[in-house]
Amino acid sequence: MHNQIQVLNVERLQALETWLKRTNTKVTQVNGQRKYGGPPEVWMGPAPGIKCEVFINNIPEDVYEDLLIPLFSSVGPLWEFRLMMNFSGQNRGFAYAKYGSADVAKNAIRQLHGHMLLPGARLNVCLSTEKRHVNLTNLPATVKQDELLKVLCEMVEGVESLSLKPGPEKEGVSALVIFSSHYAASMAKRVLVEGFLRCFGIRISVQWQSPIKVKDELHLPQKYKSFKASTPTLPSNMANVSKILAQPPPTPKKPSLIPADFCRAVGGPVVPKSTSHEHLSPALSASPVTFLRKCCEMSGIGMPQFEFFCSGDGPDEFLHLTFMVSILGLGVFPGEVRILPGPTATTTIERAREAVAQQLLKSVIGLKVFLR
């Protein structure tokens, strides 16, 4: 874990915010990526095909869309631009730019590879591989193809087809899932491990797989293609993330279409288990944050106030956070926690609160304080 907390360049953040307002450019952040377009509000022509996206790396950490979008738009109109972001508000050093044609993408590589954006910082620009095939392993042998398809459509967007095959383990199966785009596949790759662990209590493995010809593909029915998840817009100045984190946590959305047969196949619960602490229900069964707030309210010691700082994200794709929780009647509790980013900024914030609340309840405060 990194020991130093990343410090944001306020001057650069202000420049970004000024540019966004002046140009009326809209960007949204979801699960570690800040996205423009896909398509933009004004777009003439069809959606891009293959070989239309370029990969950009060696981007200085304090460089944002106010410098990158104008630069890559100078070659041709951008259909989409995605900048990879840390939870702290700094970029992760790489981005993707997608154009309307493969010829424009080739020109972008020819003109901008080696471009010196800042002194000593030359950009690397090459054709994106645009991987769309994801392999899920460690699935129970009892999983059925149509049921797995419904589950995936509830958890992620962009599923086009899937096929089951015997897994590397004798008692399990694996699934090859093909997504509509690299963006959809990369979002799913981040979400599915945590999603299956939370919903069904099983730890699956999710890895990229090279495209192969698949027999007996199960294509997505039209009714599932209409599913659309909301994407909240983040404030451009992530230095005030603690203000967002201090807001009351949203009510988690419960999956509505996951078949009971699938739950039984993976050994997960079909209905929530009841609790013996009737005086704390439904707080106890809802979430650690709700339970912590209820306990504080019952004890009259004041509501907990959460403050977070991102201390980096590791190669395991976890966010490493340091936190301070203030409870008026008990004091201030600092600590460290790591979480997997959620599918949206809102769920990432919710997971951070839940992880810290659970840690406080178990190891810092102790349930005895509240259950006396």
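1. Buried here means under 20% relative accessible area. Lys-98 has 11% relative accessibility, so this lysine counts as buried. The model is a predicted one, and that applies to every point below.

2. Where does Lys-98 sit? The residue is found in strand E5. Setting aside neighbours within four places in sequence, Lys-98 is in contact with Pro-48, Cys-52, Glu-53, Leu-78, Trp-79, Glu-80 and Glu-130. One of these contacts, Glu-80, also stands opposite Lys-98 in the strand pairing.

3. E5 pairs with E4 through six bridges, and the two run antiparallel. E4 and E5 form a hairpin with five residues between them. In the turn, Gly-89 has a positive phi of about 110°. E5 also pairs with E3, again in the antiparallel sense, over five bridges. Within that pairing, Val-54 stands opposite Ala-97 in E5.

4. Now the whole sheet. Which strands form it, and in what order? Six strands form an open sheet, in the order E1-E2-E4-E5-E3-E8, with antiparallel pairing. Strand E1 (27–30) and strand E8 (124–127) are the edges, and each pairs on one side only. Neighbouring strands are turned against each other by 20° on average, direction ignored. As a general point, strands of a sheet pair through backbone hydrogen bonds, either parallel or antiparallel.

5. Gln-29 has Arg-34 in E2 as its bridge partner. Helix H5 (residues 182–200) packs on the sheet. H5 touches E1, E2, strand E3 (53–57), strand E4 (78–85) and strand E5 (91–99). The direction of H5 makes about 155° with that of E2.

6. H5 also has a helix partner. Helix H4 (residues 145–155) packs with H5 at an angle of about 110°, and their axes are 11 Å apart. That angle makes H4 roughly perpendicular to H5. The crossing of H4 past H5 is right-handed. From H4, the contact is made by Leu-148, Val-151, Leu-152 and Met-155. From H5 come Val-191, Leu-192, Gly-195, Phe-196, Cys-199 and Phe-200. By class, the contact has nine nonpolar residues, one polar and no charged.

7. The contact between H1 and H2 has another make-up. Helix H1 (residues 10–23) and H2 pack at an angle of about 50°, with axes 9 Å apart. The two helices are therefore oblique to each other. Arg-12, Ala-15, Leu-16 and Trp-19 in H1 meet Glu-65, Asp-66, Leu-67, Ile-69 and Pro-70 in H2. These residues divide into six nonpolar, no polar and three charged.

8. Not counting residues up to four places away in sequence, Glu-65 touches Leu-16, Trp-19, Val-27, Arg-34, Pro-70 and Leu-83. Among these, Leu-16 and Trp-19 belong to the H1 side of the helix contact. Arg-34 is the E2 bridge partner of Gln-29.

9. Strand E9 (residues 133–140) is a further point to check. How many of its eight residues are buried? Seven are, so E9 is largely enclosed by the rest of the structure. E9 pairs with strand E11 (residues 172–179) in the antiparallel sense over six bridges. In that pairing, Val-134 has Val-177 in E11 as its bridge partner. Four bridges join E9 to strand E12 (residues 205–208), and these two also run antiparallel. There, Thr-137 stands opposite Ser-205 in E12.

10. Asn-138 lies in E9. With a relative accessible area of 39%, Asn-138 is partly exposed. Its C-alpha atom is separated by 6.9 Å from that of Gly-167. Along the chain, Asn-138 and Gly-167 are 29 residues apart.

Technical notes
Residues numbered from 1 in each chain as written. Predicted model: local features only at pLDDT ≥ 70, side-chain atom pairs only at ≥ 80, totals over all residues. Heavy atoms only, no water. Pairing = 2+ DSSP bridges. Axes fitted to C-alpha atoms, helices over the stretch in contact; angles between N-to-C directions. Contact = heavy atoms within 4.5 Å. Buried < 20%, exposed > 50% of the residue type's maximum accessible area, 1.4 Å probe, protein only. Parallel < 35°, antiparallel > 145°, perpendicular 65-115°, else oblique. Left-handed = near helix turned anticlockwise from the far one by under 90°. Nonpolar A, V, L, I, M, F, W, Y, C, P; charged D, E, K, R; others polar.
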